[in-house]
Amino acid sequence: MAKISRIEARLVTIPPLKTRSDAIQSFVAQETPILTIYDDEGVSGTGYSYTIGTGGSSVMALLEDHLLPDLLGRDTRRVEQIWHDLYFGTHATTVGPITTLALAAIDVALWDLNCRRNGIPLHLAAGGAHGSIPVYSTESGWLNMSEKELVHEAKQDIKRGFTATKIKVGKPSIYEDVCRLSAIRQAVGPDFQIMIDANQGLTLPDALRRARAFEALNLTWIEEPLPADDVLQHKQLAAHTSTPIAIGESLYSLSQFKDYLHSQACSIVQVDVARIGGITPWLKVAHLAQAFNVPVSPHFLMELHLPLVCAVPNGRWLEYIPQLTPITKSSVSIKEGHAYPSAVAGHGIEWDWEAIEQVLTAKIEL
């Protein structure tokens with residue numbers, strides 16, 4: 001029985017590779033807690049989560065003060081038991097992002113450690129449903145970009161082999177959103193897939209009007225049109241548009257997804273492995289969605305979501321936002337619009353520890 005003998009936690013701040021803004025915020029920086037767990041047999045695994053500018057130090061404090069001390073001496077194979085013990089041990093701060101982001105770093109590290117010990121890539125250990133997955137680009141559609149830039153980037157995406165792109169919406173007028181999307185549709189043709197993302201920036205009346213205005217554009221989905229905790233309004237919107245509704249990046253528990261699926265308030269699930277609390281609950285959400293015949297297209301973290309979305313039968317799309325490039329030596333393999341999971345044991349991310357030291361803002365050792 002391999003027991004946890006040592007833990008290292010680092011907080012690094014990664015600046016965005018380009019200016020990114022949406023209907024409610026700008027992506028200022030990615031605060032990234034990186035956690036490495038070592039067992040007494042010499043095997044290690046590394047996990048991580050993220051914020052987009054605030055809360056990183058709070059995640060680290062929760063790890064240091066409450067979660068990591070309870071890990072020492074635990075059997076590394078009991079991933080499910082460890083997750084539940086830590087989750088219920090922090091019940092006063094759940095459900096919420098600070099707790100789930102901390103739990104995710106631990107859970108991902110344990111999955112990585114066990115996969116590495118057994119010599120199995122994560123996408124096979126978690127199910128092995130697909131050998132590759134289609135990719136869509138979000139880097140080409142930020143709200144701060146001009147209509148001309150959007151059209152240029154959409155054409156470049158086609159040249160890069162992508163068959164889909166996501167565009168941020170939420171301009172002050174419906175007309176401006178429609179003009180931007182129409183210009184892209186005209187440039188890429190009818191078969192290229194266009195997703196849109198409102199980042200919770202609309203009211204229900206506005207979302208209903210915009211959804212009607214967007215109908216002729218044949219969109220793949222409307223993402224987070226309304227506040228994420230309002231299941232009823234998403235249900236009302238879904239009932240009045242033929243465009244699929246995508247939700248999930250701002251949900252933090254299996255039960256929240258259950259409510260959406262049971263209410264028929266969404267038709268694409270975008271569960272985020274960091275915000276849901278790790279691989280253990282991520283897989284539960286994915287399989288729950290499968291029971292409702294709903295596809296999974298996870299939010300952000302493409303390097304970690306690649307093996308996960310390939311693991312489950314209802315995995316549909318991977319979101320392309322290359323954010324770990326400054327601190328990793330590995331990269332996602334993309335060919336003809338599809339991403340291929342790594343054959344390396346574990347999640348397949350090769351960290352650049354020297355680069356990490358250059359952007360380190362905090363470190364914990366137990």
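Visitor: Which elements each supply at least two residues of the lining of the second largest pocket?
Guide: This is a predicted model. The second largest pocket has a volume of about 220 Å³. Its lining draws at least two residues from each of four named elements: β1 (4-14), β2 (30-39), β3 (44-48) and α3.

Visitor: Which element gives the most to the lining of the second largest pocket?
Guide: That pocket is lined by 17 residues. Nearest its centre lie T46, R116, I349, W351 and W353. The top contributor, with three residues, is β3.

Visitor: How many residues in the lining of the second largest pocket are charged?
Guide: Sort the lining by class. Six residues are nonpolar and six are polar. The charged residues number five.

Visitor: What is the volume of the largest pocket?
Guide: Start with the lining of the largest pocket, which holds 32 residues. Closest to the centre are Q25, Y50, I52, E249 and R275. The volume is about 490 Å³.

Visitor: Which element gives the most to the lining of the largest pocket?
Guide: Two elements each supply at least two residues there: α3 (97-118) and β5 (164-168). By class, the lining has 11 nonpolar, 12 polar and nine charged residues. The element that gives the most, with three residues, is α3.

Visitor: How do α3 and α10 lie, roughly parallel or roughly perpendicular?
Guide: Two packed helices are described by the angle between their axes and the distance between the axes. Here the axes of α3 and α10 (279-291) come within 8 Å and cross at roughly 90°. Angles of 65 to 115 degrees count as roughly perpendicular. So α3 and α10 are roughly perpendicular.

Visitor: Which residues of α10 make the contact with α3?
Guide: From α3 come D107, V108 and W111. By class, the contact has five nonpolar, one polar and one charged residues. The α10 side is I279, T280, P281 and L283.

Visitor: Does A129 count as buried, exposed or partly exposed?
Guide: A129 sits in the loop between α4 (122-125) and β4 (133-137). Its relative accessibility is 38%. Buried means under 20%, and exposed means over 50%. A129 therefore counts as partly exposed.

Visitor: How many Å apart in space are A129 and V309, C-alpha to C-alpha?
Guide: In sequence, A129 and V309 are 180 residues apart. Leaving aside neighbours within four places in sequence, A129 is in contact with C310, A311, V312 and P313. From C-alpha to C-alpha, A129 and V309 are apart by 8.6 Å.

Notes
Residues are numbered from 1 along each chain as its sequence is written. This is a predicted model: local features need pLDDT of at least 70, side-chain atom pairs count only at pLDDT 80 or more; totals for chains, interfaces and linings use all residues. Side-chain values use heavy atoms; hydrogens and water are left out. On a 1 Å grid over the protein atoms alone, a cavity is a set of points where a 1.4 Å probe fits but cannot get out, and a pocket is an open set with protein on both sides within 12 Å along at least five of seven lines; lining residues have an atom within 4 Å of a point. Grid points are joined across faces, edges and corners, and a volume is the space filled by probe spheres set on the points. Ala, Val, Leu, Ile, Met, Phe, Trp, Tyr, Cys and Pro count as nonpolar, Asp, Glu, Lys and Arg as charged, and the others, Gly among them, as polar. Axes are lines fitted to C-alpha atoms, for helices over the stretch in contact, and angles run from 0 to 180 degrees between N-to-C directions. Angles under 35 degrees count as roughly parallel, over 145 as roughly antiparallel, 65 to 115 as roughly perpendicular and the rest as oblique. Contact means heavy atoms within 4.5 Å. Buried means under 20% relative accessible area, exposed over 50%, partly exposed in between (1.4 Å probe, protein chains only).
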